Each structure stands twice: as structure tokens, then as C-alpha cells.
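I opened this notebook to keep track of what I looked up, going from the whole chain down to single side chains. The entries follow the order in which I asked.

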Amino acid sequence: QLPGWLDPARGGSADPGLFHTVFLPASKLIEIGRLIAPPPDERTALMLDLGQKIADLAQLARERRNRRPWEKFLAAAAVAEDVIERIDARDRSHLAEITGFGSNPGNLRMLAYIPDELPDNAPLVVVLHGCTQTATAYDTGTGWSTLADRHGFALLLPEQRRSNNPLRCLNWFRPQDFARDGGEPESIRQMIGHLVAAHGLDRKRVFVTGLSAGGAMTSVMLATHPELFAGGAVVAGVPYHCAEGLQEGFEVIFQGRVLPAEDWGERVRAATGHTGPWPRVQVWHGGADVTVKPVNAEEIVKQWANVHGLPAEPAADEPVGPHRRRVWRDQDGNDVIESWTVAGMAHGQAIDPQGPEGCGQPEPFIIDAGISSPTRIARSWGLTDLVRERPVRPRRPAYEPEAAEEADAPASFR
């Protein structure tokens with residue numbers, strides 16, 4: 001018998017849309033899973049994907065070790081999605097949507113920001129949002145388009161569709177979406193090719209960065225298309241090919257997955273057979289992140305240090321205010337890998353909207369930490385050398401954190 005909250009005859013709702021728009025406590029997920037999931041040996045390929053998704057989430061919720069972070073995860077997502085929808089409706093006009101860029105096997109939206117009077121042979125930065133976020137809201141929070149205006153580079157902002165993922169998460173954990181030549185990575189590759197050709201951009205100065213699920217997809221893009229990128233920055237993300245499927249994905253973010261450096265490196269090398277050169281990598285992570293455990297940042301560093309043939313110990317380990325910066329350098333003394341630990345910061349991306357090089361504004365999972373990760377990432381890529389006198393779009397009213405301040409865990413990896 002259906003529980004009362006699902007039974008229309010008793011005032012409940014059995015609308016499947018419920019699963020897309022309401023974040024349920026773990027106990028209710030378990031009830032749904034029990035109702036709709038047959039035993040594993042009775043499942044068939046024709047079973048509805050929604051049913052499988054809810055069954056997987058219910059199984060995850062049953063596990064005592066994951067129950068508390070899962071509850072916090074859902075609570076924060078409910079707050080974040082509402083705020084993001086309002087930001088997106090308010091600010092959507094500054095990005096342009098582009099269609100007809102290719103076969104788009106991942107069914108993503110292509111949005112771009114091209115500053116006025118863009119210099120010839122300008123760089124391109126690919127910016128990947130996290131779950132519950134849109135391209136517009138993520139750009140508004142991080143201020144990447146402000147930096148693009150200020151320093152003269154183009155932006156590509158792929159956006160997930162709800163039809164692909166109910167919370168607009170890039171599907172970094174699905175085998176078809178972390179392999180080369182298919183799925184979401186192929187859609188992003190097609191977008192890059194289209195934008196570079198349409199605007200005469202510099203193919204040797206293409207970079208990629210993203211937050212949370214977007215950070216995980218940044219790892220995917222760097223591994224599956226290393227020849228496309230001069231560098232990448234993974235913010236609150238995970239290593240490449242750390243999970244296969246939804247449940248493994250949640251286990252990785254909540255607990256971390258520790259492997260020998262050679263194993264991590266081999267996963268990157270096996271993705272393409274590429275032998276180099278390899279992109280430079282930055283890793284940013286909050287020291288107090290309980291959603292995507294900071295051990296994931298350490299494993300990303302291990303992965304790319306092995307790929308680059310670098311030692312495990314950094315060449316430099318230094319404080320930057322209260323924060324920690326570590327650097328791994330090649331034989332010529334060039335910074336190849338940087339790891340930033342933002343002191344006391346929960347899950348999200350660090351910004352400094354009021355600083356001398358300030359950009360962005362606080363939002364759910366975009367955190368005023370007194371240090372601007374977008375600015376420092378852009379500087380490390382050599383994008384801030386040119387400073388243009390450009391009109392600045394008016395700063396939007398900041399969102400009021402309210403209940404979101406108490407919710408640490410976002411829906412970053414559904």
C-alpha cells in the first residue's frame with residue numbers, strides 16, 4: 001500500500017514531477033525505493049531511468065555512514081535552486097545562446113560571452129557550472145564575464161538541461177559522459193571548435209574551469225581532450241574516472257577515494273593514448289568542505305603529478321594570508337600544478353568581490369572568502385596581462401543568504 005504522502009486518495013501526490021522538484025528526506029527516498037525497485041536480478045534494461053535513479057538514492061540513504069551528509073546535501077539544494085532560478089531570470093540577458101554548433105550528443109545548451117571589441121587571437125575560457133546552477137547564475141556569482149571584459153578574452157558556458165539531469169548536474173560519473181568522442185564531453189568539444197572558428201580565437205590558449213560537478217567535468221575534459229587545453233582549474237571537484245555510476249559518485253564525494261598515484265595517472269593516459277604535452281592544472285578546495293571531502297583535492301594533485309612525471313612533494317608550500325598554496329614545478333622551473341586550500345571555507349568557490357581586483361558576488365556555493373579564485377586562476381594562465389578600459393556592467397544586488405548559510409552541502413553531483 002502507498003504511504004499517505006504518495007496516495008492521492010489520502011491527500012498525497014503521486015506526481016512524478018515531485019522527484020524533480022522536491023528534495024525529500026532520506027526516509028521518504030527509502031520508501032520510494034522500496035515501492036518501485038524490484039530485486040536486482042529482476043531489473044531489465046527497459047526499467048524507467050527515474051525508478052533506477054530513485055532506487056540508487058534510496059540505497060545510498062540507507063547506509064548509515066552517508067545518511068547525515070546526504071540529508072544536509074538535500075537541504076542545501078532546496079535553498080540553492082530557488083535562489084539560482086531568481087538570479088537566472090534577472091541576469092540572463094548578458095549571455096548569448098548559440099545553436100547549430102554540431103551534433104551535440106550530450107544535448108547541452110551552448111551559451112557564450114564575447115566582449116565588445118575583442119582583440120584578435122584572443123584566449124577562450126570554458127566555464128562549467130555546478131548542480132542547481134545555471135550558466136548565467138554561475139557567471140554572475142564568480143564574475144568571469146567581468147574578467148573577460150577587463151582583460152579581453154572570450155567565454156564559453158555550457159549549460160545542462162533538466163531533461164538530462166533533474167538538477168542540471170553535468171553527468172561526470174556516467175561512463176558515456178566521461179569518455180572521449182561521445183556524450184557531454186563531445187558536445188563541449190564541438191562548442192569549443194565552433195566558437196574558436198567563429199571568432200578567430202587562439203587555439204593554443206583555451207582553458208577550462210568549473211565548480212563541483214563542473215569541477216568534476218573539468219577533470220573529464222582535461223583527461224579526454226588534453227590536446228585542446230593549455231590549462232584547467234578544478235574547484236571543489238574530484239579526480240578523473242573516480243566513479244562509475246551514481247552511487248560510486250556519492251561515495252567519492254562524501255568519503256573520497258584514495259588510490260596510488262600511478263593508478264590515477266594511468267586512468268588519464270588510458271582515456272586517449274595521448275603522450276603529451278599535458279595541460280597545467282590548478283586545484284581549489286575549501287578546507288572545511290564536508291560535501292566534497294578535501295581528500296579529493298589531494299587525489300587530483302596525485303593524478304596530475306603522476307601524469308606530468310612530477311614528485312609527490314611540492315616545490316613550494318607557502319601561506320597566502322590564512323590560506324595554503326602548494327606548487328609543483330617542471331625541470332625548467334615552470335608552475336605546472338597548483339593546489340589552493342581556502343581556510344575555513346565550506347563547499348563552494350572563493351571570491352573577493354570587494355577587493356582591488358574584485359569580481360562576482362556571493363550566491364549559494366559562491367563564497368566571499370577574501371580571495372578571488374577566478375582572478376588568481378586567470379592570472380596563472382596569463383590572461384590578466386592586458387587591462388582594458390571597458391564599461392563595467394552594474395553590480396547586481398547580492399543575494400541574501402538566509403537559511404542557505406546553515407546548509408553546507410549542495411546538490412552538486414546528482
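**Entry 1: the whole chain.** I note at the start that this is a predicted model. I looked up the secondary structure and found 12 helices and 12 strands. Of the 414 residues of the protein, 55% count as buried. I then checked the contacts with a separation of 6 or more, and residues 24 or more positions apart account for 73% of them.

**Entry 2: the sheet.** In which order do the strands of the open sheet run? I read the order as S1-S2-S4-S3-S5-S6-S7-S10-S9-S8, with 10 strands and mixed pairing. S1 and strand S8 (316-320) are the edge strands, and each has a single partner strand, so one side of each is left without a neighbour in the sheet. From one strand to the next the twist averages 20 degrees. I also looked for what lies against the sheet, and found that helix H8 (residues 213-224) packs on it, touching S3, strand S5 (206-211), strand S6 (231-235) and strand S7 (280-286). The direction of H8 makes about 150 degrees with that of S5.

**Entry 3: strand S2 and its partners.** I went through strand S2 (residues 109-113) and found that 4 of its 5 residues are buried, which leaves the strand mostly covered. S2 pairs with S1 in the antiparallel sense over 3 bridges, and Glu97 stands opposite Leu111 in S2. S2 also pairs with strand S4 (residues 154-159), again in the antiparallel sense, over 5 bridges.

**Entry 4: His94.** I located His94 in the loop between helix H4 (64-91) and strand S1 (96-98). Is His94 buried or exposed? I found a relative accessible area of 15%, and because buried means under 20%, His94 counts as buried. The side chains of His94 and Asp139 are joined by a polar contact of 2.5 Å.

**Entry 5: the cysteines.** How many disulfides does the structure hold? I found 1 disulfide, which joins Cys131 to Cys169 with an S to S distance of 1.7 Å. The pair links distant parts of the chain, 38 residues apart, with Cys131 in the loop between strand S3 (124-128) and helix H5 (135-142) and Cys169 in the loop between S4 and helix H7 (183-199). Both Cys131 and Cys169 are buried. I checked two further cysteines for burial: Cys242 counts as buried at 1% relative accessibility, and Cys359 counts as buried at 2%.

**Entry 6: aromatic rings.** I searched the whole structure and found 8 aromatic pairs. One of them, Phe178 with Tyr240, is edge-to-face, at 6.1 Å centre to centre and with 90 degrees between the planes. This pair links distant parts of the chain, since Phe178 sits in the loop between S4 and H7 while Tyr240 sits in the loop between S6 and helix H9 (246-255), 62 residues apart. Phe178 counts as buried at 6% relative accessibility, and Tyr240 counts as buried at 4%. I also noted a cluster in which ring pairs link Trp144, Phe153, Phe207 and Trp381.

**Entry 7: Ser372.** Where is the place of Ser372? I found Ser372 in the loop between strand S12 (366-368) and helix H12 (373-380), and at 8% relative accessibility Ser372 counts as buried. The side chain of Ser372 makes a polar contact of 2.8 Å with the side chain of Thr375.

Methods:
Residues numbered from 1 in each chain as written. Predicted model: local features only at pLDDT ≥ 70, side-chain atom pairs only at ≥ 80, totals over all residues. Heavy atoms only, no water. Helix = DSSP H or I, 4+ residues; strand = E, 2+ residues; numbered from the N terminus. Buried < 20%, exposed > 50% of the residue type's maximum accessible area, 1.4 Å probe, protein only. Polar contact = N/O pair within 3.5 Å; in protein donor to acceptor, adjacent residues only side chain to side chain. Pairing = 2+ DSSP bridges. Disulfide = S-S within 2.5 Å. Axes fitted to C-alpha atoms, helices over the stretch in contact; angles between N-to-C directions. Contact = heavy atoms within 4.5 Å. Phe/Tyr/Trp six-rings, centres within 6.5 Å; stacked < 30°, edge-to-face > 60°.
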